[in-house]
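Please keep the viewer open as you go through the points.

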Amino acid sequence: MATQLFNRIGQLGLGVALVGGVVNSALYNVDGGHRAVIFDRFAGVKDIVTGEGTHFFIPWIQRPITFDIRSRPRNIPVVTGSKDLQNVNITLRILFRPIPDQLPRIYTILGVDYDERVLPSITTEVLKAVVAQFDAGELITQREIVSQKVNEDLTERAAQFGVILDDISITHLTFGKEFTQAVELKQVAQQDAEKARFLVEKAEQQKLAAIITAEGDAQAAELLAKSFGGVGEGLVELRRIEAAEDIAYQLSKSRNVTYLPGGQNILLNLPVQ
């Protein structure tokens, strides 16, 4: 009797374990920031998108496919040509995420790696079309306009595939080696031109200063001539006396001079009265 009871309990426990295993195999979890679509072997991809949480599915017949619907970054480098036929290297940084309601369509047409299939191709297409409208100089001076046009066209293009672009920014913009060398040569030429213009202006200023100095000397000479004509040699004698006084004052401070002879006319040959 006891043996039968234990056998019955063992069978019951095995049955519960089997049922538990079947139930666990029919459950799947959708984490936060994710969505899932169901692929049915008989009906194909269902249009229903399941949200976060634990859900049931039929093992072997159904299979859940999980998608990350959070924004993710991606850098896409593109080499294209400008309006003036210059090679341009551009790198775009894109924040993208799928539209949750369109996940069944995205999985059916593109698959789980939809970003690898869509973003590089449409980014290259849009950048080539936009950059071709500007020359190399405008790409630098009108970068904001270029970025805005790329943003508008690329957002519209991605929406056709069920992808939302939260942010688009140009992180890298360079030109070919020939264009870079041409810009450097142009800058050197501009610097040389500025230097030559400075030298010309300096020479003109020096010439003007010389003219003004000459005019001043001429006016001074004219005034001196008028003074000499009015007072005769008296002005010259006055200057001699002033110079003699200055020389005498300087000699009086020297230790090597103890007296000044009065009759040797050392003070600029002043006449003895």
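Where does tryptophan 60 lie? Tryptophan 60 is in the loop between strand S4 (53-56) and strand S5 (62-68); helices (H or I, at least four residues) and strands (E, at least two) are DSSP runs, numbered from the N terminus. This is a predicted model, in which local features need pLDDT of at least 70 and side-chain atom pairs count only at pLDDT 80 or more, while totals for chains, interfaces and linings use all residues. Residues are numbered from 1 along each chain as its sequence is written, and side-chain values use heavy atoms, with hydrogens and water left out.

**The chain overall**
- The chain has seven helices and eight strands.
- Of its 273 residues, 23% count as buried, where buried means under 20% relative accessible area, exposed over 50%, and partly exposed in between (1.4 Å probe, protein chains only).
- Among contacts (heavy atoms within 4.5 Å) with a separation of 6 or more, 65% involve residues 24 or more positions apart.

**Loop residues**
- Tryptophan 60 counts as exposed because its relative accessibility is 63%, and its phi is near 70 degrees, a positive value in a residue other than glycine.
- The charged end of arginine 41 sits over the ring of tryptophan 60, 5.1 Å from its centre; the rule asks for NZ of Lys or CZ of Arg within 6 Å of the ring centre and within 35 degrees of the ring normal.
- Leucine 85, in the loop between strand S6 (72-81) and strand S7 (87-98), also has a positive phi, near 65 degrees.
- With a relative accessible area of 76%, leucine 85 is exposed.
- Alanine 43 belongs to the loop between strand S2 (34-40) and strand S3 (44-50), and is exposed at 59% relative accessible area.

**Aromatic pairs**
- Rings of Phe, Tyr and Trp (its six-membered ring) pair if their centres lie within 6.5 Å, with planes under 30 degrees apart counted as stacked, over 60 as edge-to-face and the rest as tilted; by this rule there are four aromatic pairs.
- Tyrosine 28 and phenylalanine 57 form an edge-to-face pair, 5.6 Å centre to centre with 70 degrees between the planes.
- This pair links tyrosine 28 in strand S1 (residues 27-30) with phenylalanine 57 in the loop between S4 and S5, 29 residues apart, and both residues are buried.
- Phenylalanine 96 and tyrosine 114 have ring centres 6.3 Å apart and planes at 80 degrees, so this pair is edge-to-face.
- Phenylalanine 96 lies in strand S7 and tyrosine 114 in helix H3 (residues 114-131), so the pair ties together parts 18 residues apart in sequence; both are buried.
- Ring pairs link Phe67, Phe96, Tyr107 and Tyr114 into a cluster.

**Sheet and helices**
- An open sheet of three strands has the order S6-S7-S8 with antiparallel pairing, where two strands pair if DSSP finds at least two bridges between them.
- S6 and strand S8 (163-175) are the edge strands, each pairing on one side only.
- S6 and S7 pair over 10 bridges in the antiparallel sense.
- H3 lies across S6, S7 and S8 at about 40 degrees to S6; axes are lines fitted to C-alpha atoms, for helices over the stretch in contact, and angles run from 0 to 180 degrees between N-to-C directions.
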